[in-house]
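These are my notes from going through one structure, entry by entry.

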Amino acid sequence: MNDLRNGWGNIDEFAGIPGIGITSVEKFIQGRSLSIAGKVRAIFVRDFIFKTLAYLFIVPNLFLYRDNQEIWMINAILGVLLVVFTMLGMKFFREFKRSADPARSSRENLSSLLDYLSRRFPYAAVIAATTYLCAFLPGILFYFAVAYGYLKPFTTETYLVYSFIGILGTISGYVLDIRSVRHHVQHIRICLSDLNDNALALASQNIEMKRKMDHFIVILIQVVILLGFLGVIVILKNVLT
Amino acid sequence: MDQPKGHKGTFVQLMEENRGIIHKICMMYTTNQTDKEDLYQEISLQLWRSFKSYRAESKFSTWLYRVALNTAISSVRKDRKRVQTVQLDQAEHFAVKDSGKEGMTRLLFKAVSRLNRVDRAIILLWLEEKEYTEISEVMGISQSAVSVRLVRIREKLKSIIKTLEDE
């Protein structure tokens, strides 16, 4: 095996790699990431972009619908919800940054990432998916205000189509995020099991203890959010008829 | 090493001093030049993000190996549907100082590439002549576990190398 070490020491370390400068550092920061942490971070960034978009609809709507009390209230409620979701999103993002800290040992890094992605990420995904509703509904209201100057009465079919699009967008957003993370969880599980059988067993035991309760809460939140959305649609229907 | 200041200049200087290590890690975890460059960039990015919180509680090299190896272990390949890349032999994207030993080095890389990601990290640290204490700190396993794992990995490598030589 000493031959291997000699062979290793014989590698020309600097062949074919350019040095880096300040500009390269700036390029790295803007570049697309290929690590699990980087990919999850991208989901958060996308969510924050959506939230910004939602604010861009809600804030002008408060002005545009100032004469229509019910619609103004719907916007205001969505605005308050969005503020809450933004705070929750930031909380989950901070938790994620702590979990994904690569400056710890591999075992700690993989275990905390696994714990976060299995237990906490579903909450973050629900919040991110709900943002879609907070952007979609005010987006429609904004469109009508800008295009027609008032909110046109909807037909029953229009209500059904908008409800369908809203719910479909929310559910598919959630499912896509969870599916992409499931793939990463699998990768981490393999690495942990390669690291040490005990490491995976311990991490899994910890996660399993809390996961069932988490799963129930996530489903409960989803049902409440969807009922809330349908409630808003019903209110909208009553206002416009 | 003293605690580095959170300046880009210091970071760039430290990267310059340690790019050989990062380069070797990239070679361990990739199979072609494009992936190697991507991973090099990813590791540099993670090092930069973590650099601000480096507090010199551990040796700089331990910190660097932790960040770089954790990034390499948890990296997933980019989807390359649009770009056709030529898949090189994993042993072909490096150069050796002594061309007489090139064959041995190529064989070593071929063999190492057949190990799982964690074993690659452990053997890399051993090849870098790190103490068991440091390997244990980087990987988060006990020193006795490091010792046992290294025996197993070396056995595995010997067997792989034998198979490769027979091919």
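Entry 1, a helix pair. I listed the residues of helix 3 of chain A that meet helix 5 of chain A in this predicted model. On the helix 3 side they include A:Ile36, A:Ile43, A:Phe50, A:Leu53, A:Phe57 and A:Leu64. On the helix 5 side I noted, among them, A:Leu113, A:Ala128, A:Tyr132, A:Cys134, A:Leu141 and A:Phe142. Sorted by class, the contact has 18 nonpolar, three polar and two charged residues. A:Asp47 and A:Lys51 are on the helix 3 list.

I then looked up the geometry. Helix 3 spans residues 36-64 and helix 5 spans residues 106-147 of chain A; their axes are 8 Å apart, at an angle of about 30°. Angles under 35 degrees count as roughly parallel, so helix 3 and helix 5 of chain A are roughly parallel to each other. The crossing of helix 3 past helix 5 of chain A is left-handed.

I counted seven helices and one strand in chain A. Read from the N terminus, the order is α-β-α-α-α-α-α-α. Chain A has 241 residues, of which 34% count as buried. Taking contacts in chain A between residues at least 6 apart in sequence, I found that 82% join residues at least 24 apart.

Is A:Cys191 buried or exposed? I found 25 C-beta neighbours inside 10 Å, and the cut-off for buried is 20 or more, so A:Cys191 counts as buried. A:Cys191 sits in helix 6 of chain A, residues 156-195. Leaving out residues up to four places away in sequence, A:Cys191 touches A:Leu110 and, in chain B, B:Ile73, B:Arg117 and B:Val118. I also checked A:Phe44, which is 147 residues from A:Cys191 along the chain; their C-alpha atoms are separated by 24 Å.

I noted a positive phi near 60° at B:Glu129, which is not a glycine. Most residues other than glycine have a negative phi. B:Glu129 is in the loop between helix 5 (117-127) and helix 6 (132-139) of chain B. I count B:Glu129 as exposed because 10 other C-beta atoms lie within 10 Å.

For chain B I read a mean pLDDT of 79, with 80% of its residues at 70 or more. Residues 79-91 of chain B fall below 50, and this stretch has 16 contacts in the model beyond near neighbours in sequence. Where pLDDT is low, the predicted coordinates should not be read in detail. For the complex, the predictor gives an ipTM of 0.81 and a pTM of 0.77.

Technical notes:
Residues are numbered from 1 along each chain as its sequence is written. Chains are lettered from A and ligands numbered from 1 in the order in which they are written. This is a predicted model: local features need pLDDT of at least 70, side-chain atom pairs count only at pLDDT 80 or more; totals for chains, interfaces and linings use all residues. pLDDT is the predictor's confidence in each residue, from 0 to 100. Two residues are in contact if their C-beta atoms, placed from the backbone, lie within 7 Å. Axes are lines fitted to C-alpha atoms, for helices over the stretch in contact, and angles run from 0 to 180 degrees between N-to-C directions. Helices (H or I, at least four residues) and strands (E, at least two) are DSSP runs, numbered from the N terminus. Angles under 35 degrees count as roughly parallel, over 145 as roughly antiparallel, 65 to 115 as roughly perpendicular and the rest as oblique. A crossing is left-handed if the near helix is turned anticlockwise from the far one by less than a right angle, and right-handed if clockwise. Ala, Val, Leu, Ile, Met, Phe, Trp, Tyr, Cys and Pro count as nonpolar, Asp, Glu, Lys and Arg as charged, and the others, Gly among them, as polar. A residue is buried if 20 or more other C-beta atoms lie within 10 Å of its own, exposed if 12 or fewer, and partly exposed in between; C-beta atoms are placed from the backbone.
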